[in-house]
Amino acid sequence: MIAGDRNPWPALGRVFLALSYVFLFLPLVLLVVFSFQANRFPGLPLQGWTLAWYEKMIDQGTLLPALGHSMLVSPAAATVGTIIGFFAAYALNRFDFPGKTVLLGIIALPILIPPLILGVAFLGLLARVHLNGTLFSIFLTHVVLVTAPALSVIQLRLSQMPRQIEEAAWDLGATELQTLMRVVLPFAVPGILGGWLLAFTFSFDEFIIAWFVSGFDQTLPVAIYSILVASMEPTLNAIGAIVFAISALVLIGIEVLLLPLLFRKDTEEA
Amino acid sequence: MTAAAAGDAAIGAPARARRMRTPNDSPLKILCLAPIVIWYAIFFGLPLVFLLWIGFWRVENYQSIPDVSLQNYQEIFQNWVVKSRYGLAMLQSFWVASTTAAIATVLSFLIALALVFAVPARRQRLALLFVIAPFWSSYVLRLYSWQTILSKNGVLNSMLKAVGLDDWRLEIIYTQIATRVGLVHFLTPVLVVILYVTVINIDRTLIEAARELGASRWQAFTRVILPLSRFGLITAASFALIMGLGDALSGALLGGGAGASVLGKYPLYSAMLMTDYASSTNLPRTSALATILVVAMVAMMALGVWVAERARRRVSE
């Protein structure tokens with residue numbers, strides 16, 4: 001900035017940032033590395049590469065079914081949450097009505113209330129109607145959890161939509177519903193996909209509500225937890241590496257769809 | 001509505017006359033909001049009502065019986081400092097959560113500052129993406145990985161041993177320090193996003209003006225950047241505090257249930273609530289415990305707002 005004045009801070013900042021990356025990625029990298037290592041307990045010295053933990057995980061019998069359960073519940077919850085979120089986002093974006101701020105606050109609440117409390121609450125209701133202990137009950141509760149994040153991403157996208165597009169469609173004779181489905185919906189697609197991925201992640205990673213509500217049909221985080229409290233199992237590294245691969249795919253999707261929305265430089269289209 | 005439409009059609013008005021009078025007046029308003037309102041009412045509002053209500057139920061012969069009894073609350077407060085020691089767990093929770101929130105907020109603020117001021121603008125997006133990346137990975141698995149890193153013969157200690165630093169062994173697994181490590185790792189990506197958005201939106205000309213007028217870098221930081229980041233910092237810290245109070249996993253897996261802190265070997269309230277339910281499946285008592293946690297958190301937030309408000313008023317006077 002000022003000539004002749006050497007500033008040490010950017011260099012220090014980069015060193016600090018590098019250390020922060022080490023802290024943030026250490027557990028992820030080690031988990032993947034030790035999923036391919038023969039060590040019974042992760043540590044030095046390394047004892048050579050192996051796929052034994054993957055074979056053991058396939059034989060082990062609870063982790064893969066749990067992954068299957070999660071891949072059933074999370075996409076379903078994300079899809080319903082995104083649909084609900086889209087319509088709500090459209091209404092919130094277009095209309096004014098009394099109590100709008102209150103409604104916005106209530107919609108955000110499931111994210112702010114600790115999932116621990118929601119878990120106990122959901123169990124109370126579901127046990128009353130004898131729906132607890134099923135995958136379906138996890139789906140019902142996860143929809144509540146993932147609607148708000150999906151909605152906020154879609155709303156971000158819709159707020160970039162010029163009002164005139166919709167008005168033009170009305171003037172040209174489209175009904176409101178036609179306009180919504182043929183004009184607004186296509187425009188919102190990046191937001192919808194980004195919102196879906198965010199919703200999927202929230203559900204896929206959710207532990208404590210699923211722990212309270214699920215019975216024998218566990219989702220993956222619950223199955224991992226039940227193994228974890230019993231012992232340290234290197235098969236967890238194997239399932240972990242697979243889960244991280246799924247997360248990485250989601251992350252790439254987010255990078256392509258979500259971040260352009262947040263940074264909003266390259267979204268000034270037509 | 002239909003009568004009016006018919007009238008319009010009769011005098012030859014175009015078809016759109018039967019539609020909305022203003023863009024704000026449309027049946028879609030209700031139709032689009034209905035799904036979220038209904039789903040929230042049934043699967044969010046109703047459970048919370050049940051939570052409050054079931055707290056007053058009785059348990060007889062392992063059966064929950066609808067009632068309006070204070071039995072659960074009496075039991076909990078009788079055991080507030082003895083036997084189950086719910087109160088001490090609450091204290092432990094507030095202590096661990098508030099220190100964690102402070103550490104995570106400072107760490108995330110430093111990362112956000114480094115991102116904004118030490119990374120060239122065109123690389124910032126990628127740099128931020130890498131900070132957020134761990135957030136997308138499974139939290140349970142990350143805690144498991146921290147367990148293998150921090151445990152007695154784990155990755156860190158075996159590394160220290162390999163380089164001959166046996167005396168520096170870390171003995172933090174199953175203490176609240178390990179709990180904090182897991183929580184900070186969980187919170188950092190979220191807090192960095194909040195604080196990055198805060199810092200990037202600070203008008204650079206203000207900082208340059210301060211420097212031109214002779215402020216040192218430190219003064220520019222404490223007098224310009226810090227005050228302008230205050231709102232983001234408060235948001236981040238409150239978020240971290242709520243998450244820390246509500247999280248049961250790190251306390252259970254890294255804190256080992258009743259991990260030691262300077263206060264002593266007490267579990268976190270949330271972890272205790274989970275084990276309490278797992279061992280007793282006494283839903284009425286668990287509901288009462290959860291209700292108490294909600295009340296404590298709301299009270300704490302109200303206190304925070306009150307303190308902040310007072311501080312603001314004193315400054316403006």
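Modeller: What follows is a walk through the interface, then one residue, then the chain that holds that residue.

This is a predicted model, where local features need pLDDT of at least 70 and side-chain atom pairs count only at pLDDT 80 or more, while totals for chains, interfaces and linings use all residues. Residues are numbered from 1 along each chain as its sequence is written, chains are lettered from A and ligands numbered from 1 in the order in which they are written, and side-chain values use heavy atoms, with hydrogens and water left out.

Start with the interface. Chain B puts 91 residues in contact with 98 residues of chain A. Contact means heavy atoms within 4.5 Å. The two chains bury about 8400 Å² between them, and carbon and sulfur atoms give 79% of that. Buried area is the accessible area (1.4 Å probe) that two parts lose on being put together, summed over both. On the chain B side, R125(B), W136(B) and Y144(B) lose the most area to chain A, together 10% of what that side buries.

Now the polar side. Between chain B and chain A there are zero salt bridges. Such a bridge needs a side-chain nitrogen of Lys or Arg within 4 Å of a carboxyl oxygen of Asp or Glu. Twelve residue pairs between the chains are in polar contact, both residues at pLDDT 80 or more. That term means a pair of N or O atoms within 3.5 Å; within protein, one must be able to donate a hydrogen and the other to accept it, and residues adjacent in sequence count only if both atoms are side-chain atoms. Helix α2 (residues 28–54) of chain B gives the largest share of the side that touches chain A, 18 residues. Helices (H or I, at least four residues) and strands (E, at least two) are DSSP runs, numbered from the N terminus.

Next, zoom in on L251(A). Helix α11 (residues 235–263) of chain A holds L251(A). Leaving aside its neighbours within four places in sequence, L251(A) is in contact with L129(B), A133(B) and W136(B). L251(A) counts as buried because its relative accessible area is 15%; buried means under 20%, exposed over 50%, partly exposed in between (1.4 Å probe, protein chains only).

Finally, step back to chain A. Chain A has eleven helices and zero strands. Of its 270 residues, 52% are buried. Its C-alpha trace spans about 75 × 70 × 30 Å along the principal axes.
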